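Here is a friendly briefing to read alongside the model. Please keep the sequence and the 3D view open as you go.

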Amino acid sequence: MSAPTATSRTAAGAASRVALDRRRRRSRATRVSVVLAVLVFVVSAVSLTLGAAGVAPVDVLAALVGRADRLTSFVILDLRLPRLLAAVLVGACLGISGGLFQSVARNPLASPDIIGITTAASATGAVALVWFGITGLALTGVVLVGTLVAAVLIYVLAWRNGVSGYRFVLVGIGFAAICAGLVSYVLTRADLSDVQQALVWITGSLNSIDDVSLTVLGASAVVLVPAALLVGRPLAALGLGDDVAAGIGVRPERTRILSIAVGVALAAAAVSVAGPIAFVALLAAPVARRLVGRGSLALVPAALVGALVLVVSDVVAQFAVPGVVFPVGVVTGIVGAPYLLWQLARTNRIGRGG
């Protein structure tokens, strides 16, 4: 009788340690999320006070509650707040999208801006806008459909009895090059007025946010962010291996397909509003996982890191050079390119390319 008793005690002790580790990880994730949320709030509040027409914090609060004068209300509610909300939502969508793709491929380079997802959205948007004159809500729908088709093609081309993270990234990079060439061709064949409108599809910008695009982005986030959190639970189990995940009731291939679909939709919603803003999706999830600890998808922290990165980048884009407003994609590119080079060198050094 002693052997079964000892075995049961050992199993109970292991289960207790696993439960304790899970509680600690959740507690750390909660603390990290709270700190990141506070940082996003503080940076956002400061950004509303900046600009040629400087507004005091008290006047910003008065405008938000409807007690400011007409000029202050116009500056805050019509000019600065929509841009700020777009930066937060776009950054959050890209952060979660990057986390989903990197978890599916198990590769830190598998973000939507590296593997061709955002470039496909950019190409679809440029073609729809310049050649067919599609704008507004219809443009968002076209971008979403085109991006989903591109994701299916990338997945099918990368499939060889399963999807290798290394092959997934390489196929995506090749597809991104094709889409980038298509965007360049569209712009060289377009009228000058159309080129001005289509410039957002090259670097990504928050300079042309309007009520329609913000409403579409908000509605997309309300639907897709909870969907990402739901699909994140079975996706986390895939980190244990397909056989173990299947043993606890998770269907690996279905989970991957659903995760990619949600990630594509998040990236497409963000790109349809702000264009292909580079490196936010690449940066957000790895930073969030380092803050939370290994073994976690950290989707909520990734969303907050993405929002924080984009809000800070937009502040720099607007006010770093007086009198000049850069596209926010220029700033994220300057920040993200060194990180990409470091990640490539690190991946090659430790032999994790595949």
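Helices (H or I, at least four residues) and strands (E, at least two) are DSSP runs, numbered from the N terminus. With that numbering, R106 sits in the loop between α3 and α4. This is a predicted model, in which local features need pLDDT of at least 70, side-chain atom pairs count only at pLDDT 80 or more, and totals for chains, interfaces and linings use all residues. Residues are numbered from 1 along each chain as its sequence is written, and side-chain values use heavy atoms, with hydrogens and water left out.

**Helix packing**

Axes here are lines fitted to C-alpha atoms, for helices over the stretch in contact, and angles run from 0 to 180 degrees between N-to-C directions. Angles under 35 degrees count as roughly parallel, over 145 as roughly antiparallel, 65 to 115 as roughly perpendicular and the rest as oblique. A crossing is left-handed if the near helix is turned anticlockwise from the far one by less than a right angle, and right-handed if clockwise. Contact means heavy atoms within 4.5 Å. For residue classes, Ala, Val, Leu, Ile, Met, Phe, Trp, Tyr, Cys and Pro count as nonpolar, Asp, Glu, Lys and Arg as charged, and the others, Gly among them, as polar.

- The axes of α3 and helix α9 (residues 211-237) cross at roughly 25 degrees and come within 10 Å, which makes α3 roughly parallel to α9.
- The crossing of α3 and α9 is left-handed. On the α3 side the contact includes P82, L85, A86 and L89, and on the α9 side the residues include L214, L217, G218 and A221. By class, this contact of α3 with α9 has 16 nonpolar, two polar and no charged residues.
- Helix α12 (residues 280-292) packs against helix α13 (residues 299-319) at an angle of about 125 degrees, with the axes 8 Å apart; that makes α12 oblique to α13.
- α12 and α13 have a right-handed crossing. V280, A284, A285, V287, A288 and V292 of α12 make the contact with P301, A302, V305, G306, V309 and L310 of α13. Here the residues divide into 11 nonpolar, one polar and no charged.
- α4 and α11 have axes 9 Å apart and pack at an angle of about 45 degrees, and are therefore oblique to each other.
- The crossing of α4 and α11 is right-handed. In α4, I117, T118, A121 and S122 meet V264, A267 and V271 in α11. This contact of α4 with α11 has five nonpolar, two polar and no charged residues.

**Aromatic pairs**

Rings of Phe, Tyr and Trp (its six-membered ring) pair if their centres lie within 6.5 Å; planes under 30 degrees apart count as stacked, over 60 as edge-to-face and the rest as tilted. For accessibility, buried means under 20% relative accessible area, exposed over 50%, partly exposed in between (1.4 Å probe, protein chains only).

- By this ring rule there are two aromatic pairs. W131 and Y185 have ring centres 6.3 Å apart and planes at 90 degrees, so the pair is edge-to-face.
- W131 lies in helix α4 (residues 117-132) and Y185 in helix α6 (residues 165-188), so to speak linking distant parts of the chain, 54 residues apart. W131 is partly exposed at 44% relative accessibility, and Y185 is partly exposed at 43%.
- Y155 and W159 form a tilted pair, 6.3 Å centre to centre with 35 degrees between the planes. Y155 is buried at 13% relative accessible area, whereas W159 is partly exposed at 35%.

**Individual residues**

- R83 is in helix α3 (residues 70-105) and is buried, with a relative accessible area of 12%. Leaving aside neighbours within four places in sequence, R83 is in contact with L206, N207, D314, Q318 and V325.
- L266 belongs to helix α11 and counts as buried at 0% relative accessibility. Beyond neighbours within four places in sequence, the contacts of L266 are C93, I96, S97, L100, L224, V225 and A228.
- L266 and P112 are 9.9 Å apart, C-alpha to C-alpha, and 154 residues apart in sequence.
- R106, which is not a glycine, has a positive phi near 55 degrees and is partly exposed at 47% relative accessibility.
- F279, in the loop between α11 (252-274) and α12, also has a positive phi, about 75 degrees, although it is not a glycine. F279 counts as buried at 14% relative accessibility.
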